[in-house]
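Please open the model in a viewer and follow the stops below in order. Each stop names a selection and then describes what is found there.

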Amino acid sequence: MKYIVGFIVATGLLLGFVYMNSFVVSQSEYVILTQFGKPVATIKSAGFNWRWLGFVQRANRIDRRTHTFTTQPIQLLLGDKNPIVLTSYICWQVSDPLLFFQALISTDIATQKLGDMVNSQMGNALGDFAIGNIINTNSSEVKLASLEERILKNTNSSAQKNYGIEVLQVGIRRIAYPAVVAEAVYNRMRSEREKEAKKFRAEGREEATKIRAIADREATEILAEAYKQTEILKGEGDQKALKIYSEAYGRDKEFFEFTKSMEVYKDILGRQSTLVLSTDSDIFKYLNNPEGRK
Amino acid sequence: MSEQTKAKGEKKIDMKSRAAAVAIGMNILLTGLKFLLFFLSGSMAILAEAWHSFTDIVTSLLVLIAVRRQVHTSEEGFDGAEVAAPRQPTGRMELFISLSIGVLLTVVAGVLFKKFVYSESVSVRRPLLSGGMFLVFAVGSYCVSRFETRIGKQEGSIGLVSDGMHARADMTASLLTGFSLVLYSMGLNIDRWVAGLIALFIFSFGLETIVNVYRVYVRREAECLLQYRSFTIMACLFDREVPRSAMLAIQVFFKKRCGSTGKAKALYIITLALPVIGIVAVYLLTTLFTVGVREQAVVERFGKPVTINMPIGPGLHLKLPWPVDRIRKIQTVRIKELNIGNISDRQTQALIWTRMHGTEEAFLSGDNNFFYPYIVLHYRVKDIFQYLYKNTEPERLLNEVGHQVATSLFARETFYDIATARRKLLEQNMRVRLQVSLDEFKSGIEILAVNFKDIHPPMSVADAFEGVVAGYQEKQKIINEALGYKNNVVPESRGKAAEQCEAALSYIVERSKKAEGKAARFSLSLPGAREKNVAMSRIYLQTLQNVLKEKTKFVIDPRVGVPEVWMGFTGFFPIELKGGTQR
């Protein structure tokens, strides 16, 4: 019984001792071992490590993975005096754990410092860009990438030297306009749309007028053609009739002339006509002279 | 029992109840403040201390219950001798509540303890302020303790006195927390250890409550509720008599059950060994672990992944026991989604331009228009090692890079292209560029699809956009009307043309038929050569008859000359005739 209790107590003490005098470094971190606050070692590989009692040597863990954080939106002036609100994000990692530990203590403080730096660099860089370099339908004019590149370079030069941080990427995640400008943009968008709608209506009227004109022309053409055709046809009819007449009358021209003349007399001598006749005319040849001689 | 003593007793009890109530009030106030401070500072020790304060409320409540019980039971008239336990058994409900609280506190202690073991040291905000507050709380607790002890001694109530002791322990804990926070502000972080210690306090209280409730249940004595304190329970374990008597009891139990001594002895040894076997078994069980259907796992040996590039798939697996190996599981197969830009709130609602349908965040298109894209990314983890060890928050990275790619793509396109013609192409471009960026950062994320769920102009301008569509419709309408006119006019004129044509044709027929008729008639009436003169004379005379009949006629013989009667007709040939006569 005594041995068992003794064994348990001894094991417990041993485990406690091991626990107090060791620490584990994860794959995702660096550890800076400090002895009463003085850095004595930087451990960069994961695994089990020994140290002196917890309060003598302390393991300060620094995340070695890439951190991502979003800066606060900031209103800046472009080179052409256009105001713009930019939000960016920063990817960074610790490049010098010891320097980082001494300079910044924790990632929260680091992100705050980095945010300040990036926003200030952005303000500097934007002076050389116009709104056309930020948004443009002509792809070759858009220089967002070179803006990002420039901010990254400028930020990195001081971050690496002074804070032990390497900035991997600075990206612009959102472009916006300040509220007043936004209102103007809304109005412009509206007027643009209205312009478009008006254009459609006018185009409609244009098209309609054209169609009507063409239709009228076609109708006139058809009628004219028809007129031409009918005249030709009538001519043909006249010709045909003439032919028939001439054929028939040609058989006795004298008789035709005689009968036709008779018809004409009948026709032209109406009721109101007054005639002066000579007694010499054929009709009266028998009037004085029953033999009919002249 | 005289009226006077009864009144006196009631007054005393009233005093005690009031003291207990005051203690409860104080404790509730302290607990609330401590939880508030935890939210402000984030210190683990403060969280533990807040829970510890919560136990004080419970104790004070129990004291109040006990004191209330005495109101009913002390009518028998033990003049002022409430030291003796009341005979009335405590109600089942109260016991049940006490037991639940005991269990709850034990669980809370367990959770806190787990936090203490597993978590890293947290950073505390405003340590000095919180520390100062806790030193004030300690003074508060001290006052409560003094107050309760004084009233308890004055009135002779065990409950109140012991609660006072408890408040004093609470004061110690508050002091401890306060000092740890002050030390933290000086750079020494013992926050976690203090939290662990206080967790132990809470655990002891939970244990006490459970044991005491059990005893009250067995012995049916209300005052037992506060009888056993942790140290007495702990002391039992180190008392030689207790294990010995327990062993004896087990031995006797088995002997009674089965007759033969050999079998009884074997069972007895097994029973004794059971706890050890249990502990060992549980420990060995930590070498087994399962990975779910959708998961992959990485085994970390002292923080370092055992295999690189070979994740462990679903199934049952072995590892070295805690604390050597640890497992990190990630759902790799499951497709997750992330919203970029705007998020539609309700899934079933129709996505109409003029109706607000989500958290709206405007993007800018290349032609300087605001619009609201709703982009949904589908992704999954393709490399668990990269996912775990290369980025602190891969999802956040995905979100940020997603925004960046979208912003830079949209900055080059017109709104109409984004919404219509180049939508598909942009989706593909975004997917490719996103994947390149993510691979560059070794995020271990694979983009499966980029979906432009909805793209719409700002709500205030949406009606103008719809106006364009209306304008287009009107254009079509006007054109259609013109086409209608055309369709009307052209056939109509064609009809007219046909009509004229027909008329011409009928004219031909008419003319020729008439001619034929006339020709035929002429031919028929043509006389032969012999009769010709006679016929002609007849026709001639007949015609003259018709013509000259009923007409005014002057028949003149030229040989006679111009008759006088002509003078009346000067109107006919005035000049010639006048001339004629003058000559």
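This is a predicted model: local features need pLDDT of at least 70, side-chain atom pairs count only at pLDDT 80 or more; totals for chains, interfaces and linings use all residues.

B:Asn368 sits in the loop that runs between β9 (363–364) and β10 (370–381) of chain B. Display its backbone, where phi is positive, about 70 degrees, although B:Asn368 is not a glycine. For context, most residues other than glycine have a negative phi.

Select A:Phe36 next, which also has a positive phi, here about 50 degrees, without being a glycine. Its place is the loop between β2 (29–35) and β3 (38–43) of chain A. A:Phe36 is exposed, with a relative accessible area of 64%, a value over the 50% cut-off.

**A salt bridge between strands of chain A**

Remain in chain A and show the side chains of A:Glu29 and A:Arg61, which meet in a salt bridge with an N to O distance of 2.7 Å. A:Glu29 belongs to strand β2 and A:Arg61 to strand β5 (residues 57–63), so the pair ties together parts that are 32 residues apart in sequence.

Move to B:Asp439 and B:Lys382, which form a salt bridge whose closest N and O atoms are 3.1 Å apart. This pair links distant parts of the chain: B:Asp439 is in helix α13 (residues 423–440) of chain B, B:Lys382 is in the loop between β10 and α10 (384–389), and 57 residues separate them. B:Asp439 counts as partly exposed at 37% relative accessibility, and B:Lys382 counts as partly exposed at 40%.

In helix α13 of chain B, select B:Lys424 and B:Glu427, which lie 3 residues apart, about one turn of the helix. Their side chains meet in a salt bridge of 3.9 Å, N to O. B:Lys424 is exposed, with a relative accessible area of 55%, while B:Glu427 is buried, at 14%.

Then return to chain A and select A:Arg188, A:Glu192 and A:Arg193, which are joined into one network by salt bridges that share partners. Over all chains, the structure holds 27 salt bridges.

**The interface of chains A and B**

Colour the two chains separately. In the contact between them, 102 residues of chain A meet 106 residues of chain B. The area buried between chain A and chain B is about 9,600 Å², of which carbon and sulfur atoms give 65%. On the chain A side, select A:Arg173, A:Arg193 and A:Phe255, which lose the most area to chain B, together 7% of what that side buries.

How many salt bridges are there between chain A and chain B? The count is 7.

Finish at the second largest pocket, which has a volume of about 460 Å³. Of the 17 residues that line this pocket, select the closest to its centre: A:Thr259, A:Lys260, A:Glu263, B:Arg521 and B:Ser525. At least two lining residues each come from α7 (253–268) of chain A and from α14 (459–525) and α15 (532–548) of chain B. The largest share, 7 residues, comes from α7(A). Coloured by class, the lining shows 6 nonpolar, 5 polar and 6 charged residues.

Technical notes: Residues are numbered from 1 along each chain as its sequence is written. Chains are lettered from A and ligands numbered from 1 in the order in which they are written. Side-chain values use heavy atoms; hydrogens and water are left out. On a 1 Å grid over the protein atoms alone, a cavity is a set of points where a 1.4 Å probe fits but cannot get out, and a pocket is an open set with protein on both sides within 12 Å along at least five of seven lines; lining residues have an atom within 4 Å of a point. Grid points are joined across faces, edges and corners, and a volume is the space filled by probe spheres set on the points. Helices (H or I, at least four residues) and strands (E, at least two) are DSSP runs, numbered from the N terminus. Ala, Val, Leu, Ile, Met, Phe, Trp, Tyr, Cys and Pro count as nonpolar, Asp, Glu, Lys and Arg as charged, and the others, Gly among them, as polar. Buried means under 20% relative accessible area, exposed over 50%, partly exposed in between (1.4 Å probe, protein chains only). Contact means heavy atoms within 4.5 Å. Buried area is the accessible area (1.4 Å probe) that two parts lose on being put together, summed over both. A salt bridge is a side-chain nitrogen of Lys or Arg within 4 Å of a carboxyl oxygen of Asp or Glu.
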